[in-house]
Amino acid sequence: MLAGWRGVARTAVSGLGWASGCGAKRWVSTTSWSPVGAAFNARHQPQHHRWELGRKTGLFGVPELSCPEGFQEAQEKSLQETERLVKKACAAPPGPEIVMIFDQLSDSLCRVADLADFVKIAHPNLAFREAAEDACRNIGTMVEKYVLFIVSLYGTKQQCNNFFPLMGFYSFRRVAELFLFDFEISGIHLDEEKRKKAVNLNVKILDLCNEFLMGSHLPNRIDKHVLPEHIRHNFTVEGNYIQIGGLNADSPDDLVREVAYKVFLFPNAQQLHCLEELLTSRNLLAQLVGYDTFAHRALQGTMAKTPEKVMQFLVKLSDKLFQRTLDDFEMMNGMKMKLNPMKSELMPWDHPYYSGVLRAERYNIEPSLYCPFFSLGACMEGLNMLFNKLLGISLYAEQPEKGEVWSEDVRKLAVVHEQEGLLGYIYCDFFQRPDKPHQDCHFTIRGGRLKENGEYQLPVVVLMLSLPHSTRGSPTLLTPGMMENLFHEMGHAMHSMLGRTRYQHVTGTRCSTDFAEVPSILMEYFANDYRVVNQFARHYETGQPLPKHMVSRLCESKKVCAAADMQLQVFYAVLDQIYHGKHPLGKSTTDVLKETQEKFYGLPYVPNTAWQLRFSHLVGYGAKYYSYLMSRAVASMVWRQCFVQDPFNRAMGERYRREMLAHGGGKEPMLMVQGMLQKCPSVDDFVDALVSDLDQDFETFFMDSE
């Protein structure tokens, strides 16, 4: 089997460079790329015998999805399968079999819904996007019917508990508990009147989330004559108005940043009402199904477990950061006085800009100096090398069938273990194109699970980035930030590939939010270690390795104003907890913002602004925004204890897979962390890990690999 995969590798894309005519620059690589590196560094030229003459399939190999109308056929198939499983569930006795049936039912719905969820935002064809949008709505209706069936079949919560006896194997108990939790949110344990109210609240919350998300991205406009003429060109001018759709945080002009901040964050009455309705509805639903607050409901099953523990973590971290943050603000203020002595008070619109100026002044971190060493192919080779040494895994480029991918720029990778064989597929949608969202993210298209016939359903995921295309003179070159984001997203992908769970309900990244980011953030530590970077960072023209001092300088630069950056994240996380805490809030969301900003950030609130209306994470991360900080703390502990001495330690890699990646959400997250660290970390451990990162001398990481 492995020989077959090596054969695929040998016949993968073989182009190694560009040669332009008319006397233009000619580039021929002096580096010997592996097949996976060549697949990403070669200028993409579709193999016509596969794209035009080969067997035609549908998106992701799903035959029905060769055209937009196929979504309807896929839905009908899913509905038929759902009805079959419902009948099977009616006849099944209590116990493990019923859990397996519900997981199959969930899988049948998710295989359409998850795929459609990706296609509706990423497919370049409008007809496909619209068909996928319809599919998402229709699957949602099917899920509602599914929940009503549960209610009719099991009735009360106690009856449901009897049907899902929490005994037997741990994985069975865990998934049974998660199913019960999901049913409870839908009001399965309530009487008919309250259950209808819960259903209506769920629908209302979904609509409010969509409305808030849309509103959070809409630009604000202002009469152009209000602004000084010399700065108008920094914004979009439409007739007599100027549209401002962002904070212009990188602008060197203080006035431009100030105007953008005040106009873009100017309160919108409709958006304010939407946010208040969303928070109120979430609180009503949580209390209806038996929780004190929405935060209590959202944090069940997480590492933190309760909002009280989250706030304890955030307050302790804020206290530890206090003096460091003041020092950072003092440095920024000094730089502002130096560059603009007429208006030197440090304001919120200054933080991202002047922290960047300080980094550049101290360390001269010019991305263009690094980009030639980080060609996309080189970075993919680095990932391949790292996974091979740590986990015995290799990435192989496959040529997709006609119709299998939505753009010719998409690369398909087979993930293969040296002993276990094929583990799954990663579709790499890495390049910019019109109407493609500018975001880096991971999508589960199909979850892994153990099928009834004993075979394992292989996971399929998409990694979506927004990288520039190659040019005639060079392959796609990544900035250090882009390289780090690539490693981050590949951490999610490996979590999906290695999550060998019995049930797809808990496969891969389908785990608690504050644990899901651990594997991806851990990959950032590898991406910033010279011993790892030295294995792949080569100049695309000369083959010269990236000098060690450049990596050291890059890592040191990240410590500049890092305390203030972390303090800002604490502020956001505390605000999220308060918004989803005890209701009614007793004051407006803007007043809450003002008080929280003064206490947990330090820079003054700007009158007539409402930053919370642009806080889109309130939708997907409601009461869980702290997850980024807690996940980073765990990743830091794992790195320091298990990999800092040797980032290629195979024994630790195997422990990492066994204790953390393999379980998906099928095991309590803190038990997975405990298995990896050989201890259960406390809140103080989390805080100390984050603060230690600010003080760490990165030179201790960069031991020569020679």
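Contact is defined here as heavy atoms within 4.5 Å. The structure is a predicted model, in which local features need pLDDT of at least 70 and side-chain atom pairs count only at pLDDT 80 or more, while totals for chains, interfaces and linings use all residues. Residues are numbered from 1 along each chain as its sequence is written, and side-chain values use heavy atoms, with hydrogens and water left out.

Leu-546 lies in the loop between α20 (530-533) and α21 (548-557); helices (H or I, at least four residues) and strands (E, at least two) are DSSP runs numbered from the N terminus. Apart from neighbours within four places in sequence, Leu-546 is in contact with Tyr-370, Phe-373, Phe-374, Tyr-530, Val-533, Ala-537 and Val-551. Phe-373 is 173 residues from Leu-546 in sequence, yet their C-alpha atoms are 6.2 Å apart.

Three cavities of 30 Å³ or more were counted. The largest cavity has a volume of about 100 Å³, and its lining includes Phe-387, Gly-491, Pro-519 and Tyr-656. Two or more lining residues come from each of α16 (376-391), α17 (480-498), α19 (518-527) and α26 (650-661), with α19 giving the most, four residues. The lining of this cavity comprises 10 nonpolar residues, one polar and no charged (Ala, Val, Leu, Ile, Met, Phe, Trp, Tyr, Cys and Pro count as nonpolar, Asp, Glu, Lys and Arg as charged, and the others, Gly among them, as polar). In the lining of the second largest pocket, 14 residues are nonpolar, four polar and nine charged; the largest share, five residues, comes from α4.

Backbone geometry was also considered. Most residues other than glycine have a negative phi, and most peptide bonds are trans. Phe-60, although not a glycine, has a positive phi of about 55°, and is buried with a relative accessible area of 12%. Ala-623 likewise has a positive phi, of about 70°, and is buried at 0% relative accessible area. A cis peptide bond, with omega of about -5°, joins His-583 and Pro-584.

Note on methods. On a 1 Å grid over the protein atoms alone, a cavity is a set of points where a 1.4 Å probe fits but cannot get out, and a pocket is an open set with protein on both sides within 12 Å along at least five of seven lines; lining residues have an atom within 4 Å of a point. Grid points are joined across faces, edges and corners, and a volume is the space filled by probe spheres set on the points. Buried means under 20% relative accessible area, exposed over 50%, partly exposed in between (1.4 Å probe, protein chains only).
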